[in-house]
Amino acid sequence: MITRAATFHASECAAQERWGRPGLWDQARIQRLIWDHVPQEFHGRIEGAPFFFLATSNRQGACDCSFKGGGPGLVRMLDTRNLVFPDFDGNHAFMSLGNILDNPQVGLLFIDFSNGGRLRINGRAAIHDKGPELAYFDSAPRVVSVCIEQVVPNCSAHIPRLIPVGRSG
C-alpha cells in the first residue's frame with residue numbers, strides 16, 4: 001500500500017498545508033491517484049505517444065528537462081513496472097544521460113494535446129550501450145530503461161487542445 005509518508009516529503013506536506021486544501025490528500029485519494037506501476041490500460045497510450053518530456057538532475061540537484069521525440073513506438077512497456085526508450089544522438093551534449101549517470105532518478109511526462117490526457121512517471125533509470133536491451137530499437141546506440149516507482153495520472157485541466165499537423169520534409 002502506498003502511504004502518505006512514502007508519497008510526500010516534509011516540504012511537499014508543508015506546501016500542501018500552506019497553499020492547498022488540508023486533508024485533501026488523504027489515504028483514499030493517494031490510493032486512487034498515485035500508483036507504483038502503470039496499469040495495463042495505459043500501456044497503449046504510452047507506447048503510442050509520439051513524444052514525452054524527460055526530467056533529470058545531477059546529484060547536486062541541477063535540473064534538465066528534455067524533449068524526447070520520434071513518433072509512436074518511442075517507448076516500449078516491458079511490464080507494469082518497467083519501460084525502455086532509445087537514446088539517439090542529438091546535439092551531443094548528453095545532458096540527460098550525464099545526469100542519469102550521476103543520479104538515476106528521472107521523471108517522464110506524457111501529454112496528449114488532442115484530449116488533455118497526461119501521465120507522469122517517476123523512477124530509476126539505467127543506460128544500456130550494449131546487451132539485450134539494444135534489441136528493442138533498431139539502430140539505437142543506447143537504450144534507457146526505467147524501473148517505475150511512481151505514476152500519477154494528472155487531470156486534463158489547463159492543457160491546451162492542439163491539432164497535430166503532418167511532418168514537413
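The protein carries 17 positive and 16 negative side chains, and the centres of the two sets are 7 Å apart. Here Lys and Arg count as positive and Asp and Glu as negative, while His and the chain ends are not counted; each charge is placed at NZ of Lys, CZ of Arg, CG of Asp or CD of Glu.

The structure is a predicted model, in which local features need pLDDT of at least 70 and side-chain atom pairs count only at pLDDT 80 or more, whereas totals for chains, interfaces and linings use all residues. Residues are numbered from 1 along each chain as its sequence is written, and side-chain values use heavy atoms, with hydrogens and water left out.

The secondary structure consists of 5 helices and 7 strands, in the order α-α-α-α-β-β-β-β-α-β-β-β from the N terminus. The radius of gyration is 17 Å, close to the 15 Å that the globule rule gives for 169 residues, so the protein is as compact as a globular protein of that length. Helices (H or I, at least four residues) and strands (E, at least two) are DSSP runs, numbered from the N terminus. The radius is taken over C-alpha atoms, and the globule rule is 2.2 Å times the number of residues to the power 0.38. Along the principal axes, the C-alpha atoms fill a box of roughly 50 × 40 × 30 Å.

Of the 169 residues, 36% are buried; buried means under 20% relative accessible area, exposed over 50%, and partly exposed in between (1.4 Å probe, protein chains only). Among contacts (heavy atoms within 4.5 Å) with a separation of 6 or more, 64% join residues 24 or more positions apart.

Arg 142 lies in strand E7 (residues 142-152) and counts as buried, at 14% relative accessibility. Beyond its neighbours within four places in sequence, Arg 142 has contacts that include Asp 87, Phe 88, Asp 89, Ile 127 and Asp 129. Arg 45, in helix H4 (residues 43-48), is partly exposed, with a relative accessible area of 38%. With neighbours within four places in sequence again left aside, Arg 45 is in contact with Gly 117 and Arg 118. The C-alpha atoms of Arg 45 and Ala 28 are separated by 25 Å, although the two are 17 residues apart along the chain.

The structure holds 0 disulfides, a disulfide being a pair of cysteine sulfur atoms within 2.5 Å. For Cys 65, the closest cysteine sulfur is that of Cys 63, at 9.2 Å, which is too far for a bond. Cys 65 is exposed, with a relative accessible area of 55%.
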